[in-house]
Amino acid sequence: MTRDVRVTVLGSGSWGTTVAGLAASNAPTLLWARSPETAEEITTQHTNGRYLGDRRLSSKLRATSDLQEAAEHADVLVVGVPSHSMRAVLTQASPHLRPWIPVISLAKGLEPDSRKRPTQVLEEVLPGHSVGLLAGPNIAGEIAEGLAAAAVIATPDTAVATALQPLFARPRFRVYTNHDVLGCELGGILKNIVAIASGMGDGLGVGMNTRAMVISRGLAEMTRIGEAMGADPRTFAGLTGLGDLMATCMSSASRNRRVGEELASGKSIDEVLEGMTQVAEGVKTARSVVELAEEHDVAAPIAVEVDGVVNSGRTPAQAYRGLQKIAAGSEYEAA
Ligand SMILES: NC(=O)C1=CN([C@@H]2O[C@H](COP(=O)(O)OP(=O)(O)OC[C@H]3O[C@@H](n4cnc5c(N)ncnc54)[C@H](OP(=O)(O)O)[C@@H]3O)[C@@H](O)[C@H]2O)C=CC1
Ligand SMILES: O=C(CO)COP(=O)(O)O
């Protein structure tokens, strides 16, 4: 089935490149890089040094900096640019896309201002296309190195996810399906906020018990918000919820966790972001998550504290003191 299907991935950052490398082993795959130098390096050297160091990519992977060429190539489109740039890139690509082709998001943030999820943006810019996402505990560098991992492809119609599964699956990359697009997408978005909190704890030198408390109460917060928005609460116990939360809170390679750790070292958010060459979606998303929780009348104390540090000048130590003050009631009902 996969032999005749051509895949295009938009965005040659760490994750877009890694997913394109997986797909290239299964189907003809073209990666769109904004920079012509990066496109040239990927096609000729089979590396993307800026984002993945000297890790070797599939020699079958080709890249281009021509967005029209990339769009015209696609029987399946994968969108791997960050949430804040998705609408602009897709608006440029859309006149060159074939109608009805499936479009899969890799992004784990909310569009600034509109607070829309990536799949909502896709549905708006590309009406009529079947839209879904690929998510899970997927630290790009590990997968590019060939370490085993699993992910979920979520589409409203499970038959579409099942058809797309073989495009991304590899012997060491297991791809499950799920029809709860909202829950899978929210898991990836919300865990970034908890990872910033967890990183702040690491920087402050809290113990493992505290870290476990933040992760498990973070999961409760994610599930509460998700359920209020209409997601299946079971999804948050799976790969795109607990799985991604654990990977992101525990990995030294997580950008969101690192933001928290560096904030706890005394840097301002501007200083932290100046030193980063990759995106940490949780920074732009924190305020939107607080607003969404308020709209749905759900307590979100971890998001509130992270937003306070990232956007309102509170210190990580103050945030952790704030978290200590949360009243402990029933484990199922309390914040
Ligand atoms: N890295 C990971 O482990 C994982 C990341 N994700 C998610 O995938 C998405 C992409 O992340 P990731 O690949 O890590 O990001 P990176 O920071 O590694 O790369 C970002 C990519 O997006 C491009 N880009 C940035 N801004 C624009 C813009 N305005 N217009 C066009 N292209 C732009 C960059 O191009 P240029 O190089 O030219 O600046 C680069 O190719 C994020 O939502 C992230 O949360 C999901 C799972 C795992
Ligand atoms: O989503 C990720 C792993 O699944 C990557 O997390 P970071 O963006 O924090 O690096």
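First, the ground rules. The model is predicted, so local features need pLDDT of at least 70, side-chain atom pairs count only at pLDDT 80 or more, and totals for chains, interfaces and linings use all residues. Residues are numbered from 1 along each chain as its sequence is written, while chains are lettered from A and ligands numbered from 1 in the order in which they are written.

Domain 1 puts 25 residues into the contact, and domain 2 puts in 24 residues. Contact here means C-beta atoms, placed from the backbone, within 7 Å. On the domain 1 side, H5, helix H6 (118–125), E6, E7 and E8 each give at least two residues. E7 has the largest share, four residues. Helices (H or I, at least four residues) and strands (E, at least two) are DSSP runs, numbered from the N terminus. By class, that side of domain 1 has 13 nonpolar, nine polar and three charged residues. For the classes, Ala, Val, Leu, Ile, Met, Phe, Trp, Tyr, Cys and Pro are nonpolar, Asp, Glu, Lys and Arg are charged, and the others, Gly among them, are polar.

Now the sheet. What is the order of the eight strands? They run E3-E2-E1-E4-E5-E6-E7-E8, as an open sheet with mixed pairing. Strands pair if DSSP finds at least two bridges between them. Strand E3 (62–64) and strand E8 (173–178) sit at the edges, each pairing on one side only. From one strand to the next, the twist averages 25°.

Two pairs in detail. E1 and E2 run parallel, joined by four bridges. Leu-10 has Trp-32 in E2 as its bridge partner. Along E1, Val-7 and Val-9 point one way, Thr-8 and Leu-10 point the other, and all are buried. Buried means 20 or more other C-beta atoms within 10 Å of the residue's own; exposed means 12 or fewer, partly exposed is in between, and the C-beta atoms are placed from the backbone. Next, E4 (residues 76–79) and E5 (residues 103–105) pair in the parallel sense over three bridges.

Helix H2 (residues 36–45) lies across strand E2 (29–32) and E3, at about 165° to E3. Helix H8 (residues 158–168) lies across E1, E4, E5, E6, E7 and E8, at about 170° to E8. Axes are lines fitted to C-alpha atoms, for helices over the stretch in contact, and angles run from 0 to 180 degrees between N-to-C directions.

On to a loop. Pro-137 is in the loop between E6 and helix H7 (140–144). Why does Pro-137 count as buried? Because it has 24 C-beta neighbours inside 10 Å. Leaving aside neighbours within four places in sequence, Pro-137 contacts Ala-149, Leu-239, Gly-243, Asp-244, Met-246 and Ala-247. Gly-238 is 101 residues from Pro-137 in sequence, yet 9.9 Å away in space, C-alpha to C-alpha.

Helix H15 (residues 301–312) is next. Nine of its twelve residues are buried, so H15 is largely enclosed by the rest of the structure. Among the buried ones are Pro-301, Glu-305 and Asp-307. The cover includes H9, helix H10 (208–229), H12, helix H13 (269–274), helix H14 (281–295) and helix H16 (316–324). Gly-313 follows H15, with a positive phi near 75°.

Last, the ligands. Ligand 1 has 25 residues around it, with Gly-13, Ser-85, Ala-107, Ala-140 and Gln-278 coming nearest. A residue is near a molecule if its C-beta atom, placed from the backbone, lies within 6 Å of it. The ligand 1 shell has ten nonpolar, twelve polar and three charged residues.

Ligand 2 is surrounded by 13 residues, and the closest are Asn-138, Thr-248, Ser-254, Arg-255 and Asn-256. Which helix gives the largest share of that shell? H11 does, with three residues. By class, the ligand 2 shell has five nonpolar, five polar and three charged residues. The shell around ligand 2 draws at least three residues from each of domain 1 and domain 2. The ligand 1 shell likewise draws at least three from each.

Note on methods: Domains from an automatic or database assignment. Contact = placed C-beta atoms within 7 Å.
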